[in-house]
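Please keep the sequence and the structure in view while reading.

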Amino acid sequence: MHFEILQRQAKEQMYAALRLLDDDFAQAYRLAASVLPPSCREQECDAVDFLRAEDWHPYKAAARMVAYWKLRQEVFGNQWLRPLVSQE
């Protein structure tokens with residue numbers, strides 16, 4: 001139970017850090033956030049995965065998530081917002 005509370009707090013801090021990132025750097029993430037429903041974004045890239053990869057550092061996790069969406073945009077072109085995870 002305590003871990004779930006800490007996890008939720010870390011996610012909230014990461015989303016707060018996302019708002020602090022440079023607009024040019026975070027453009028792809030912000031576009032995805034405005035177009036995709038939250039449930040789809042969570043399925044495509046779980047915030048906890050980014051937090052774990054960055055030892056639970058919210059700002060670094062936010063930057064990693066932004067880099068993920070930017071890379072998706074570069075790799076997949078105009079198809080970058082389509083789901084990569086099976087919807088089954």
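A residue is called exposed when its relative accessible area is over 50%, buried when that area is under 20%, and partly exposed in between. The model discussed here is predicted.

**Salt bridges**

Side chains of opposite charge can pair when their charged atoms come close. In the whole structure, a search finds six salt bridges. Three of them are described here, including the pair formed by the side chains of D23 and R30, with an N to O distance of 2.8 Å. D23 has a relative accessible area of 56%, which is over 50%, and therefore D23 is exposed.

Are the two partners buried or exposed? E44 is buried, at 8% relative accessibility, and R72 is likewise buried, at 3%.

The side chains of D49 and R52 also meet in a salt bridge, at 3.8 Å, N to O. Both residues lie in helix α4 (residues 47-53), where they are three residues apart, about one turn of the helix. D49 counts as partly exposed, and R52 is partly exposed as well.

The table lists the relative accessible areas of these residues.

| Residue | Relative accessible area | Class |
|---|---|---|
| D23 | 56% | exposed |
| E44 | 8% | buried |
| R72 | 3% | buried |
| D49 | 44% | partly exposed |
| R52 | 47% | partly exposed |

**Contacts of Q7**

Which residues is Q7 in contact with, leaving aside its neighbours within four places in sequence? They are V48, R52 and W56. Q7 itself is buried, because its relative accessible area is 18%, and a value under 20% defines that class.

**A nonpolar patch**

L71, V75, F76, L84 and V85 make a nonpolar surface patch of about 430 Å². One of these residues, L71, lies in helix α5. L71 is partly exposed, with a relative accessibility of 47%.

Methods
Residues numbered from 1 in each chain as written. Predicted model: local features only at pLDDT ≥ 70, side-chain atom pairs only at ≥ 80, totals over all residues. Heavy atoms only, no water. Buried < 20%, exposed > 50% of the residue type's maximum accessible area, 1.4 Å probe, protein only. Contact = heavy atoms within 4.5 Å. Salt bridge = Lys/Arg side-chain N within 4 Å of Asp/Glu carboxyl O. Helix = DSSP H or I, 4+ residues; strand = E, 2+ residues; numbered from the N terminus. Patch = residues over 30% accessible without salt bridge, like charges linked within 9 Å, V, L, I, M, F, W, Y side chains within 5 Å. Areas by Shrake-Rupley, 256 points an atom, 1.4 Å probe, with all protein chains shown as cover.
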